[in-house]
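The entries follow the order in which I checked them.

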Amino acid sequence: MKRIILKLLALCAPIYASANVVLPSFFSDNMVLQRNAPVKLWGWSHPNEEITVTTGWDNKEYKIKGSNQATWSLNVQTPGAGGPYTIKFKGYNEVTLNNVMLGEVWLCSGQSNMEWTPNAGITGGEAEIAKANYPDIRFFTVPKLTAKYPQQNLPGNWQACSPETMKHFSAIGYFFAQRLQQDLKGVAIGVINSSWGGTPAEIWFPEEAIIADPILSEAAAKLKPAEWGPHKPGRAWNAMVNPLAGYRIAGALWYQGESNVGSEVYNKTLAGLITSWRKAWGYDFPFYYVQIAPYNYDGYPDADWGVKVRDAQRRVLNEVPNTAMAVISDVGNLTDIHPRDKKPVGIRLANIALNKIYGTNKAVAESPLYKDFTVKGNKLTVHFSNAQGLHFSGKTSTLFEIAGADGKFYPASAKIEKDGVVVSAKAVKNPVKVRYGWKNAVVSDLFNNSNLPASSFTSE
């Protein structure tokens with residue numbers, strides 16, 4: 001009996017010896033944790049393993065035990081911005097994270113225009129790379145991964161911003177962080193980039209959310225395989241976003257839609273994505289996105305495939321709370337689906353955050369957006385929000401069209417009056433519909449006093 005007990009102990013010993021506190025990859029040296037927030041920390045351990053977590057900003061000790069599923073999690077309260085700090089995890093082993101900052105954390109996602117790096121070629125790229133020395137801007141890049149089922153971890157590590165790291169990171173993510181840090185002096189900015197060129201929105205949120213909605217399910221069924229990335233619902237979500245769910249963020253940035261051109265329900269798709277992300281994180285964080293740029297799709301500049309997606313993105317603003325949209329028609333490229341002028345895009349997203357969240361930007365941060373219209377005789381007045389200092393880039397606009405009861409649109413003359421534009425056309429005696437910039441490839445000619453272009457729209 002004694003020999004049997006000794007053998008059993010010998011068998012158990014390696015199990016306990018190899019049982020260590022293990023952290024997800026994004027809990028690492030150089031990371032940024034959200035300031036002034038309840039922050040979740042989690043990982044794996046031996047069941048019942050006693051774990052002590054010590055946070056360097058207040059030297060407070062938190063104690064927890066591993067569950068019977070070999071997992072553990074706890075919430076810690078972070079104070080204001082600061083660092084560098086250490087965080088220590090002690091169980092059967094000890095893990096120390098160094099150079100941890102408390103600041104603002106943002107998640108970037110989407111397709112190629114979000115993924116696009118300075119090294120791939122951007123306007124003024126060489127000069128921007130050379131001066132990218134911002135040690136308190138931190139990057140985490142998620143590699144391209146897919147999975148049939150939700151994953152719990154992903155590879156990667158946090159890196160401080162330098163010319164070498166910046167040139168391989170999302171250009172828009174970098175310019176966003178740079179602009180934030182310009183105003184939020186002394187606050188570290190952490191940016192997580194999880195994006196994949198050429199991918200439709202459906203791969204970026206849970207498959208069950210799509211299956212549960214007949215409209216989303218029907219749209220997803222129309223997606224076709226592509227050699228550059230997955231098309232089945234949930235595949236990038238499972239491997240590239242789900243592992244991050246719970247990592248406290250200030251908000252999310254999204255730039256995608258080109259691969260959904262042709263969809264009649266992109267507003268439902270994007271709304272479903274936003275809702276499912278917020279459900280996974282457990283709170284309604286700000287979700288800011290880029291309206292796709294005008295582009296000459298397949299040599300059909302006057303068609304409406306692309307503008308329908310742009311208008312769907314505009315409508316999401318009225319359908320999902322705590323969202324905002326950066327319009328970029330004036331800095332796009334009608335013959336290149338990858339506009340290289342990325343800095344204004346990042347800055348416009350940052351200005352929205354600085355206005356809505358941080359309160360340091362008092363200027364108008366959003367583009368003129370269609371509100372409604374009124375009719376008097378043969379004249380129709382379009383009313384806009386964010387319309388301070390409304391003006392045309394030239395003498396007038398050539399992008400308004402109106403229609404009568406027959407639904408046939410005619411080009412309309414346009415004149416600005418206060419926060420609106422009065423439009424009319426000789427062929428339309430009783431206007432009942434209006435639209436603006438309703439083509440795939442058209443550059444806005446209406447701006448507000450922040451020189452932000454008006455979004456295309458239709459009143460239909």
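**Contacts of one proline**

I began by listing what Pro-163 touches: leaving out residues up to four places away in sequence, Pro-163 is in contact with Ile-129, Ala-130, Ala-132 and Asn-133. I note here that the model is a predicted one.

I then looked up the distance to one of these partners. The C-alpha atoms of Pro-163 and Ile-129 are 5.0 Å apart, although 34 residues separate the two along the chain.

Next I asked where Pro-163 sits, and found it in helix α4, which covers residues 163–166. Is Pro-163 buried, partly exposed or exposed? Its relative accessibility is 23%, so I wrote it down as partly exposed; buried would need a value under 20%.

I moved on to strands β19 (residues 413–417) and β20 (residues 420–424), which run antiparallel and are joined by five bridges. One pair I noted is Ala-414, whose bridge partner in β20 is Val-423.

**An open sheet**

In what order do the four strands of the open sheet lie? I read the order as β18-β17-β21-β23, with antiparallel pairing. The edge strands are β18 (409–411) and β23 (457–458), since each of them pairs on one side only.

I looked at one pairing in this sheet in detail. Strand β17 (residues 400–403) runs antiparallel to β18, and three bridges join them. Ala-403 stands opposite Phe-409, a residue of β18.

Conventions. Residues numbered from 1 in each chain as written. Predicted model: local features only at pLDDT ≥ 70, side-chain atom pairs only at ≥ 80, totals over all residues. Heavy atoms only, no water. Helix = DSSP H or I, 4+ residues; strand = E, 2+ residues; numbered from the N terminus. Buried < 20%, exposed > 50% of the residue type's maximum accessible area, 1.4 Å probe, protein only. Contact = heavy atoms within 4.5 Å. Pairing = 2+ DSSP bridges.
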